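Here's a quick tour for anyone meeting this fold for the first time. Take a look at the picture below, then read on.

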Amino acid sequence: MENKTLKHLKDNLIVSCQALEEEPLHSSFIMSRMALAAVQSGAVGIRANSVKDIKAIQETVSVPIIGILKKVYPDSPVFITPTLAEVREICATGVEIVAMDATLRKRPNEEKLKDIVTTIKAEYPNTLLMADTSSIADVKKAEEIGFEIIGTTLYGYTDETQHENIADDDFIFLKEVLKATNLPVIAEGKIDTPLKARKVLELGCHCVVIGGAITRPQQITLTFVSEINKMGKGNKSDRK
Ligand SMILES: CC(=O)N[C@H](C=O)[C@@H](O)[C@H](O)[C@H](O)COP(=O)(O)O
């Protein structure tokens, strides 16, 4: 029998409401209002970073939350809920799903992903664990060690995949992910148009997470400015 949260999310939209310290909208209050705006327009779930933001969002909306805690360690490139300590902190908020980096990269403090998953499953058996992956090898490993959900979150966001985009070659990577696992797949990462969101669901993803294209105004503004800047001198109107 499928889990209640997964049933709720099926074929629907999750909006990621995140602003890091260096971003203009960094504020738990603003993130909670972003979440409210998203839910008012039909999002059925929210993805959020940090205990503070999660609490503010929980007080504002009552949809399932994918919680993460971004933290940078000096000895590893892994920063999305990287160690057992952050996973525990996010589980303790009571979010329905906790996501963590599930790439095969070296983790901080020499921790092993399998140990983190085993420990958390014993402590929080009702919390769903989502693997933020970047490759087919990550996906297979994540399923093997006990994750319940696969996310494509890190495809295009690691050194190895920085030049890739999930929409490349008619979503070839996503199609391979769907073939490689029987777990529900959440499409996430660089999905920047409504059409692409629909397409990933039609391909068989369980649901879709959209971040920057909805909640990062600096990123949205840039898409307009870049297009405007393509206007050649010859195309500019003479009209005063
Ligand atoms: C790589 C990384 O740090 N990803 C983060 C994960 O939570 C967020 O910053 C993204 O906004 C989120 O994954 C949604 O993706 P996009 O913003 O591309 O729609």
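At what angle do helix α6 and helix α7 pack, and how far apart are their axes? Helix α6 (residues 136–145) and helix α7 (residues 168–180) pack at about 25°, with axes 10 Å apart. Before going on, note that this is a predicted model: local features need pLDDT of at least 70, side-chain atom pairs count only at pLDDT 80 or more, and totals for chains, interfaces and linings use all residues. Residues are numbered from 1 along each chain as its sequence is written.

Back to that pair: α6 and α7 are therefore roughly parallel to each other (angles under 35 degrees count as roughly parallel, over 145 as roughly antiparallel, 65 to 115 as roughly perpendicular and the rest as oblique). I136, V139 and K140 of α6 meet E176, V177 and A180 of α7; contact means C-beta atoms, placed from the backbone, within 7 Å.

Now for a second pair, α2 and helix α3 (residues 51–60), whose axes are 8 Å apart at about 45°. That makes α2 and α3 oblique to each other. On the α2 side, S28, F29, M31, S32, A35 and L36 take part, facing K52, D53, A56, I57, E59 and T60 of α3.

Here are the two pairs side by side:

| Helix pair | Angle | Axis distance |
|---|---|---|
| α6 and α7 | about 25° | 10 Å |
| α2 and α3 | about 45° | 8 Å |

What about the strands? There are 8 of them, closing into a barrel in the order β1-β2-β3-β4-β5-β6-β7-β8, with parallel pairing. From one strand to the next, the twist averages 25°. Two strands pair if DSSP finds at least two bridges between them, and helices (H or I, at least four residues) and strands (E, at least two) are DSSP runs, numbered from the N terminus. Zooming in, strand β4 (residues 97–101) and strand β5 (residues 128–132) run parallel and are joined by 5 bridges.

Is T5 buried or exposed? T5 is buried, because 21 other C-beta atoms lie within 10 Å (20 or more means buried, 12 or fewer exposed, and in between partly exposed). Leaving out residues up to four places away in sequence, T5 touches P64, E96, I97 and L128.

Technical notes
Axes fitted to C-alpha atoms, helices over the stretch in contact; angles between N-to-C directions. Contact = placed C-beta atoms within 7 Å.
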